[in-house]
Amino acid sequence: MLDIFFTVGAVLILGFITSMIFERTKVPDVIILIFIGMIFGPVLNIVRVDGPISVLAPYIGTLALIIILFDGGLNLNLFKVLTALAEAAGFTIMVFILTVIFTGFNMHYIFGWTYLDGLLLGAVVGGTSSAIVIPLISKLSMSEDSKVVLTLESALTDALCIIVAIALIEIISLGTVNLRDTAGSLASAFSTAAVTAAIFAVFWIGIINKLFIKHIRYSLTLAVVFILYSVVELIKGNGAIAVFVFALLLSNFNELAKRLKLKGEFELDTMVRAFHVEVSFFVRTFFFIFIGLMFNIEALKSRAVLIMACVIFVILIIARILGVKVLALIDKRIVPFQMSIISMMPRGLAAAVLASRPLAAGINIQYFPEIVFSIIILTNLATTFGVFIIEHKKLKEVQ
C-alpha cells in the first residue's frame, strides 16, 4: 500500500520536473515521460503490464482523453474554432487520406502486403494524438489560429482512425466494401456528439448559474462530462468530440449569450478553470508514463520492423508536408508556423489500442503491432526534435 502512494508522489514530482525542463530547454516533457515509462516497464521490468495494469489500459486512456479534450475546449475561442473548422477539417481529411493511400500502395509494392492490409495500417497510424498535441501546443510560441487548427485536427483524427480502421477490419474479414455505411457512420458520430454536447452545455450552464452551486462546481461539472461521454458513446456517437464541444460551449457561453442578446451572466467560474489545470496535469503525467509502460520493446529488435516503420514514417512526413503546403496557400496566416504544424505529428493511444484489433478480429498481419508501436516512438521523437529546434530558433530571434 505504501509503495502505491510513494509511486504516485514520485510520478507527480517527475511530471513537475519534466515540465520545468520544457520551460527551460524546450525539450517536450511528453517524450521524457514516455521514456521513463519504458525504462521502468519493458526495459527493467520493475513494473509489469501483463497483469492488472493491462486490464486498466482502456480506462486510463479514456480518462486521459476526456480530461485533456475538456482542457482543450476550455482554452479555445468558440468563434475562432467556427471560423477555422472548415479549413481544419479539410486539412485533417487531406492528410489522413494521403497517409492511408500512400501507406497502402507502398506496403503493397515494397513489402508485398495486400492493398487492404496496407490501407489498414495507414488508417491506424493516420492521425495525431489529441492527448499529446493539446497539452504540448499550449506551451509553444504559435499563433492562436495555428493552435486551433492543430487542436481540431487531433480531436477529429482520433475518431477518423477508429471508425475507418474498424470499417477496414470488417471489409477484410467479410470481403465486402460499403463506403456509404462508413461515411454515414462518421457523419452520424460527429453530428450526434455535437448536438448532444450542445444540449448538455445549455442545461449545465443554466444549472450552475441559476441554482448558484458554489463549492463543488468543478466536481459536478466533471461528473456531467463523464455522463456526457458515456451517453454519447451509448447512442453510437463520438464521446471525445462531445466532450470537446461541451467544454468549448461552456467556456464561451457568456460571449455567445451576448451575441444572441440573452439576458444574464453565463461566465464560467475561474475556479473551475484553475482546478482543472491541476487535474489535467495529474492525469496526463500518469498517461504518458503509462504509454511507455505499455510499449512493446520487441519492436526495436527486428530489422524488418524498423525498415517498415521508417518507410511509414517518411510517408507520414510527406503527407503532412503536402497538407500544410495546401493549408498555407489557403490561409496566409499559417505561413510563419508551417514547420511547427509539420512537426506536430505524434501518435498515441488511438494507434496503440488499434494495433491489436486486427489480430483480435482473426486477421494475422505480420509485424503489424510492432510497426505501429515503432511509429508511435518515431513520431514522438520527431515532434520532440522539431519543437526543440523551432523553439530554440525563436528564442534566439527574440534575443
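## Helix packing and aromatic pairs in a predicted model

Lys 236 counts as exposed because its relative accessibility is 67%; exposed means over 50% relative accessible area, buried under 20% and partly exposed in between, with a 1.4 Å probe and protein chains only. The structure is a predicted model, in which local features need pLDDT of at least 70 and side-chain atom pairs count only at pLDDT 80 or more, while totals for chains, interfaces and linings use all residues. Residues are numbered from 1 along each chain as its sequence is written, and side-chain values use heavy atoms, with hydrogens and water left out.

**Loop residues with positive phi**

Lys 236 is placed in the loop between helix H9 (217-234) and H10; helices are DSSP runs (H or I, at least four residues), numbered from the N terminus. Its phi is near 70°, a positive value in a residue other than glycine. Tyr 367, also not a glycine, has a positive phi of about 65°. This tyrosine lies in the loop between helix H15 (357-360) and helix H16 (368-398). With a relative accessible area of 27%, Tyr 367 is partly exposed.

Two packed helices are described by the angle between their axes and the distance between the axes. Axes are lines fitted to C-alpha atoms, for helices over the stretch in contact, and angles run from 0 to 180 degrees between N-to-C directions. The table gives these values for two helix pairs.

| Helix pair | Angle between axes | Distance between axes |
|---|---|---|
| H6 and H7 | about 165° | 9 Å |
| H4 and H7 | about 50° | 8 Å |

H6 and H7 are therefore roughly antiparallel, whereas H4 and H7 are oblique to each other; angles under 35 degrees count as roughly parallel, over 145 as roughly antiparallel, 65 to 115 as roughly perpendicular and the rest as oblique. H4 passes H7 in a right-handed crossing. A crossing is right-handed if the near helix is turned clockwise from the far one by less than a right angle, and left-handed if anticlockwise.

Contact means heavy atoms within 4.5 Å. On the H4 side, the residues that touch H7 include Val 81, Leu 85, Phe 91 and Phe 96; on the H7 side, they include Val 148, Leu 152, Leu 156 and Val 164. The contact of H4 with H7 divides into 14 nonpolar, two polar and four charged residues. Here Ala, Val, Leu, Ile, Met, Phe, Trp, Tyr, Cys and Pro count as nonpolar, Asp, Glu, Lys and Arg as charged, and the others, Gly among them, as polar.

Leu 82 also lies in H4 (residues 78-111) and counts as exposed, at 53% relative accessibility. Its C-alpha atom is separated by 9.8 Å from that of Val 148, 66 residues apart along the chain.

Helix H6 (residues 130-137) is mostly covered, with eight of its eight residues buried.

**Aromatic pairs**

Rings of Phe, Tyr and Trp (its six-membered ring) pair if their centres lie within 6.5 Å; planes under 30 degrees apart count as stacked, over 60 as edge-to-face and the rest as tilted. By this rule the count comes to six aromatic pairs. One of them, Phe 70 with Phe 246, is stacked, at 6.4 Å centre to centre and 25° between the planes. The pair links distant parts of the chain, with Phe 70 in helix H3 (residues 52-74) and Phe 246 in helix H10 (residues 239-259), 176 residues apart. Both phenylalanines, Phe 70 and Phe 246, are buried. Tyr 109 and Tyr 115 form an edge-to-face pair, at 6.1 Å centre to centre and 75° between the planes.

How values were computed
Helix = DSSP H or I, 4+ residues; strand = E, 2+ residues; numbered from the N terminus.
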